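Dear colleague,

I am handing over the structure that we spoke about, and I would be grateful if you could look it through before reading on. My notes come after it.

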Amino acid sequence: MTKEFSHLDHVLGHGFDSVIDVRSPAEFAEDHVPGAINLPVLDNEERARVGTIYKQQSPFLARKVGAALVFRNASAHIEGPLAQFDGSWRPLVYCWRGGQRSGAFAWMLAQIGWRPEVVQGGYKTYRRLVTARLYDQPLGLRLIQLGGYTGTAKTALLHRLAQREVQVLDLEGLARHRGSLLGGMPGGQPSQKAFESTLAQALHRFDPQRPVLVEAESSKIGGLLVPPSLWSAMKVAPWIEVSAPLAARAAYLAEAYDDILSDTEGLRHKLRHLVAFRGTAVVDNWFKLIDRGDRLALTAALAAEHYDPAYAKSMRALAPDIRHRFETQGLSASELDQLADRIAARLDSFSVI
């Protein structure tokens, strides 16, 4: 009734009908196996209570109290979200380390007639495999970096290229951050562990015989670090680069960053941090543009006076191997579609990059 996994691909391609994480909601929120559903047999408070009894009173009493809570909660899950499944259902169950919580829940499921298996070593086994994949092993994929000044719609291009069957890795989407000072998204970023889980799942889906296009990023996206295996591959990957006139980029940024630009106080707070880099006069001028409500002038100024110099500096330091440059005069939806067609066609012409 236990399932041993020795490779991350085996976990991600498990073949079970469902994956059930019986850990507490707090544990699940920090990270979990992709696609797992959370059916906690102890909620956050109950887990803390049992742990306190274990440390301060006795392990026996903790197990007795815990068992009552586990079976009470498990019965609610069986009457609720699991009531739909017939006798052929095969769930994969895990807890923190494949111990009492998952074992008790799987035992109950088996008594009903279902065919559960428990992950040997639990979440700790899964996390160890993720760490090995992203920290210890070579990436094993051929990357191409998509570069270009801020506002050249690189993320939008990635989405269009994915629709054209190009393998793309959207790091900003996985990190829930647009990769710049103003790049925060509603809801905030996932934990580092959760980011790595979704990243590992994305890598698992790629065909290693075909190149993978990834937006050129720094080693940190918002508050999250790009894991070493991926970062090492990105540093040596060849580039393609897109360019567009400043006016077109400013217009695109004004639309794409509408949520950030609408929060004028939050915007001011973020821009104040740039005084040390761009000087008081430059930042004061940005504040005047905010006061006037002139978004196009503001995004143009931010690009010309902050983002473009930063990009040029990084390019001098990186000196990337740029294989092809793509120019566009505009960044409307139709123009981005045309640009995506050109990029896809160019990528198809390379057998090895």
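This is a predicted model: local features need pLDDT of at least 70, side-chain atom pairs count only at pLDDT 80 or more; totals for chains, interfaces and linings use all residues.

The protein has 17 helices and 12 strands, and its C-alpha trace spans about 70 × 50 × 35 Å along the principal axes. Of its 353 residues, 47% count as buried, and the accessible surface comes to about 17,200 Å², of which 52% belongs to carbon and sulfur atoms. Among the contacts with a separation of 6 or more, 73% are made by residues 24 or more positions apart. As for charge, there are 41 positive and 38 negative side chains, and the centres of the two sets lie 6 Å apart.

In one part of the structure, 5 strands form an open sheet with parallel pairing, and their order is E1-E5-E4-E2-E3. Strand E1 (2–3) and strand E3 (37–38) stand at the edges, and each has a single partner strand, so one side of each is left without a neighbour in the sheet. Further in, strand E2 (residues 18–21) is joined to strand E4 (residues 91–94) by 4 bridges, the two running parallel, and Asp21 stands opposite Tyr94 in E4. Helix H5 (residues 100–112) lies across E2, E4 and strand E5 (117–119), and it runs at about 155 degrees to E4.

Strand E6 (residues 143–148) deserves a paragraph to itself. Here 6 of the 6 residues are buried, so the strand is largely enclosed by the rest of the structure. In a regular strand the side chains alternate between the two faces of the sheet. In E6, Leu143, Gln145 and Gly147 point one way while Ile144, Leu146 and Gly148 point the other way, and all are buried. E6 pairs in the parallel sense with strand E8 (residues 212–215) over 4 bridges, with Leu143 opposite Val212 in E8. E6 is also joined by 4 bridges to strand E11 (residues 239–243), again running parallel, and there the bridge partner of Gln145 is Trp239 in E11.

In helix H11 (residues 246–256), the buried residues are Ala248, Arg249, Ala250, Leu253 and Ala254, and their cover includes helix H12 (258–262) and helix H16 (295–318). In helix H13 (residues 264–272), Gly266, Leu267, Arg268 and Leu271 are buried, and the cover includes H12, helix H14 (275–278), helix H15 (280–292) and H16.

Finally, two alanines in loops may be worth a look when you go through the backbone. Ala153, which lies in the loop between E6 and helix H7 (154–163), has a positive phi of about 60 degrees although it is not a glycine. Ala319, in the loop between H16 and strand E12 (322–327), likewise has a positive phi, near 45 degrees, in a residue other than glycine. Which of the words buried or exposed applies to Ala153, and which to Ala319? With a relative accessible area of 3%, Ala153 falls under the 20% limit and is therefore buried, whereas Ala319, at 59% relative accessibility, is over the 50% limit and therefore counts as exposed.

With best wishes

Key: Residues are numbered from 1 along each chain as its sequence is written. Side-chain values use heavy atoms; hydrogens and water are left out. Two strands pair if DSSP finds at least two bridges between them. Contact means heavy atoms within 4.5 Å. Axes are lines fitted to C-alpha atoms, for helices over the stretch in contact, and angles run from 0 to 180 degrees between N-to-C directions. Buried means under 20% relative accessible area, exposed over 50%, partly exposed in between (1.4 Å probe, protein chains only). Accessible areas come from the Shrake-Rupley method with a 1.4 Å probe; for residues, only the protein chains shown count as cover. Lys and Arg count as positive and Asp and Glu as negative; His and the chain ends are not counted. The place of a charge is taken as NZ of Lys, CZ of Arg, CG of Asp or CD of Glu.
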